[in-house]
Amino acid sequence: MTTPVDGGRRSVPPILRGQRALVTGANSGIGRATAIALGRAGADVVVNYVFGSDAAEEVVAEIRSFGVRAYAHEADVSQEDQVVAMVARMVAEFGTIDVMVANAGLQRDAAVTEMTLAQWQKVLDVNLTGQFLCAREAAKEFIRRGVVPEVSRSAGKIVCMSSVHQIIPWAGHVNYASSKGGVLMLMQTLAQELAPRGIRVNAVAPGAIRTPINTSAWDTPEAEADLLRLIPYRRVGDPQDIADAVTVLASDLMDYVVGTTLYVDGGMTLFPGFATGG
Ligand code: BGC
């Protein structure tokens with residue numbers, strides 16, 4: 001049976017019913033679509049954002065329309081005290097956390113000879129240190145609470161939002177590619193360390209997705225044509241493509257998946273330059 005699609009208001013099975021999820025950077029792009037998808041699948045959702053409370057409140061309203069709980073929480077994921085307070089509030093309001101989606105990320109692009117230390121540091125702070133802090137705080141609560149079989153087979157799930165650039169070098173983006181390479185090892189090491197506690201840590205690695213982070217890569221026909229050369233499936237991804245992957249990965253349908261990266265990239269990691277020649 002195929003899932004009915006009606007203008008984005010798709011009916012999906014409640015595979016996260018009774019679970020509580022936090023999505024960082026959830027007021028735009030991939031984070032927004034993911035927060036909504038988790039709510040549609042039955043989870044209560046905390047919508048983290050750092051700038052843009054109106055957009056965050058819109059996401060909250062959409063999630064509540066599914067009959068689940070949601071609220072917006074402003075916090076900079078690179079600031080330890082803010083992440084600690086964010087997870088503590090969630091435990092106070094929702095009772096606990098079952099799914100942490102460490103999604104917040106940014107780019108500050110420059111040729112290496114032009115890249116300032118501030119540009120380097122900002123990207124590492126948000127994309128890598130932010131994921132470490134979010135994973136750490138979630139793991140503490142997962143371990144405290146343990147498995148509740150009526151809710152999920154696992155004690156908790158951490159989904160790290162990575163990128164194809166965790167393995168594809170990217171000239172002009174050394175800060176970003178280094179941060180995502182770090183996310184790969186962060187994810188694998190945490191997966192190894194936390195699996196014995198019943199916690200599943202995995203990553204989703206998007207390719208080129210139509211979001212504000214990369215508008216210049218697809219917003220003109222020329223740019224899009226260039227981009228499509230890098231995508232064997234010949235389609236730029238939508239945030240929904242990633243949101244669906246995160247939802248299934250966080251659910252018990254994927255309970256035996258531990259320490260894996262799910263590439264959702266239309267084949268970008270298949271070395272498309274070698275489709276001919278080589
Ligand atoms: C980057 C985008 C880029 C894509 C594919 C993502 O991780 O954020 O800017 O278009 O990778 O290169």
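Leu-117 sits in helix 4, which covers residues 117–145 (helices are DSSP runs of H or I with at least four residues, strands are runs of E with at least two, and both are numbered from the N terminus). The model is a predicted one, so local features need pLDDT of at least 70 and side-chain atom pairs pLDDT 80 or more, while totals for chains, interfaces and linings use all residues. Residues are numbered from 1 along each chain as its sequence is written, and side-chain values use heavy atoms, leaving out hydrogens and water.

With a relative accessible area of 64%, Leu-117 is exposed (buried is under 20%, exposed over 50%, partly exposed in between, with a 1.4 Å probe and protein chains only).

Asn-103 is another story. This residue is in the loop between strand 4 (99–102) and helix 4, and counts as buried at 10% relative accessibility. Its contacts (heavy atoms within 4.5 Å), leaving aside residues up to four places away in sequence, are Val-23, Thr-24, Gly-25, Ile-30, Gly-31 and Met-161. A polar atom of the Asn-103 side chain lies 3.3 Å from the backbone oxygen of Gly-25.

Then there is the ligand. Among the residues around it are Ser-163, Trp-170, Gly-207 and Met-268 (a heavy atom within 4 Å is the criterion). Taken alone, the ligand exposes 310 Å², of which the protein buries 91%.

Terms used
Polar contact = N/O pair within 3.5 Å; in protein donor to acceptor, adjacent residues only side chain to side chain. Areas by Shrake-Rupley, 256 points an atom, 1.4 Å probe, with all protein chains shown as cover.
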